[in-house]
Amino acid sequence: MTTTNTPDDAATTERPKLIRTYRTRAYLSRAGHIQFDEVLAQQCLLYNAALEERTTAWRRHQKRIPFAEQSRELTEIRKDFPGIEGALDRRVLIGTLRRLDRAFDSFHRRVQTGEAPGYPRFKSVGRWKTLEMYSGAARCVRVNGDTGKGFVRIKGLPKLRFKDRRVPSGIQPLQIRISRKPNGVYLYFVFDHLEVKSPVERAKNPIGIKAGRGGVRWGLSDGSTIERRRVDNSVNRRLQRKMARQKLGSRSRDKTVAQLGKHHHREQVRNRNELHRMTAELVKKYDFFAIEDLSLQEIVWSPRGMPGYSGQTVRTKANINRAILEQTWGEFAQLLTYKAEGAGMEVVRIDPAYTSVTCSRCGVAQFDVSLQERNRAHFRCPDCGNVLNRSVNAAKNILARGLAEPASSAGESVIAGRASTKQLTSEQSDVRPENCVGGGDNAI
């Protein structure tokens, strides 16, 4: 049997499928909040029971219990107890078991790669904040396309109302997550739909982006910089000192803990709104992005417990790590990638090796400079006399490497940015031995 592709089918195969997650605030009644907390506690107990079963089976019989077996056992338990059978949607229970299965998959992966194993741990009821489920074919989400008002109906859970015009009204989400935050309950809808625009054939206004240092958050190849994010921790320190003086388990301490959680959440929302504004302006102005591919795990390593490091060194490195993480470089790159991908633009992640010591004008790399010189805010080339902000100079090198590569074809992506993102290694860069002054193998 042969099939022919229609024009619609051809367009569907050319344009990749994108998975998008929409986050919106949910509104519940007072009784709904109580019911939701009860379901959270039940799922925490289910997670701990499934973890105990797996742990006991391995310790006593060296047997691994897979997800499929626990899913079948859950079905038999629900049949034996009719009250449980009709109390809660089975997909919510399956989502809890899948969560445990992902934890064990990550544990086995870390064991195979030689990392710290991190065996899955039991969860406390106070820290279990999220439910997840795969919607399947059931129409549990109803949205009015004109007003954006909608609700979620799941058996065993309260009615969750929301209002958001971004949520698609014609299709059902692949997955639904319901999470309790310090200031309320939030819904996460995961959709798989076509919304990517036609790819840009030729970049007319490209830009290179490099993580900055000192007072610079990001350096851009056009000569501009994004100012460093400065966090006011005075409220955070005041609440932490107040919490330390209160009695453990008292109501006053619980209230202070809630205030501290709300403060952290508000700071996260403010920072994310700022990142949305930054990335939206960049996508409107430029049509090609070459961004530094950062490995934050290697940057924010901690010397705690390692021989040869004093307590003062550990504290200094902890302060540096905290200042780096406050800039939220990874979140910025994620938001920029999914917005550029949706607009049909290409995002290339570049290995930043040697970009900070290479002159963007003449291409000469300086390896014999001191660490003090490398930490200076401005880059000075002794050959051509180029004086430039160090982050801007590195961003120009990153852009040159990104433009030197042929355009990539976007395929079907699993997460935002997976389709149109590729990585260039240092071997593909424009740094060659004949352009280097001095010696050294360390990447900057």
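**A loop residue and its setting**

A: The side chains of D164 and R166 make a polar contact with each other, at 2.8 Å. The model examined here is a predicted one. D164 lies in the loop that runs between strand β5 (160–163) and strand β6 (175–181). Is D164 buried or exposed? The relative accessible area of D164 is 11%; because buried means under 20%, D164 counts as buried. Leaving aside residues up to four places away in sequence, D164 touches R23, T24 and G148.

The chain around this loop can be described next. It contains 12 helices and 17 strands, and 39% of its 444 residues count as buried. Among contacts between residues at least 6 apart in sequence, 69% join residues at least 24 apart.

Two of the helices, α6 (residues 234–245) and α7 (residues 251–285), pack against each other. Two packed helices are described by the angle between their axes and the distance between the axes. For α6 and α7 the angle is about 160 degrees and the axes are 9 Å apart. An angle over 145 degrees counts as roughly antiparallel, and therefore α6 is roughly antiparallel to α7. Their crossing is left-handed. On the α6 side, the contact is made by V235, N236, L239, Q240, K242 and M243; on the α7 side, the contributing residues are R253, T256, V257, Q259, L260, H263 and H264.

K255 also belongs to helix α7. Its relative accessibility is 52%, and K255 therefore counts as exposed, since the cut-off for that class is over 50%. K255 and M243 are 12 residues apart along the chain, and their C-alpha atoms are separated by 9.2 Å.

At the start of α12, a side-chain oxygen of N389 comes within 2.9 Å of the backbone nitrogen of S391. Helix α12 is mostly covered, with 11 of its 15 residues buried. The buried residues are R390, S391, V392, N393, A394, A395, N397, I398, L399, R401 and G402.

How values were computed
Residues are numbered from 1 along each chain as its sequence is written. This is a predicted model: local features need pLDDT of at least 70, side-chain atom pairs count only at pLDDT 80 or more; totals for chains, interfaces and linings use all residues. Side-chain values use heavy atoms; hydrogens and water are left out. Buried means under 20% relative accessible area, exposed over 50%, partly exposed in between (1.4 Å probe, protein chains only). Helices (H or I, at least four residues) and strands (E, at least two) are DSSP runs, numbered from the N terminus. A polar contact is a pair of N or O atoms within 3.5 Å; within protein, one must be able to donate a hydrogen and the other to accept it, and residues adjacent in sequence count only if both atoms are side-chain atoms. Axes are lines fitted to C-alpha atoms, for helices over the stretch in contact, and angles run from 0 to 180 degrees between N-to-C directions. Angles under 35 degrees count as roughly parallel, over 145 as roughly antiparallel, 65 to 115 as roughly perpendicular and the rest as oblique. A crossing is left-handed if the near helix is turned anticlockwise from the far one by less than a right angle, and right-handed if clockwise. Contact means heavy atoms within 4.5 Å.
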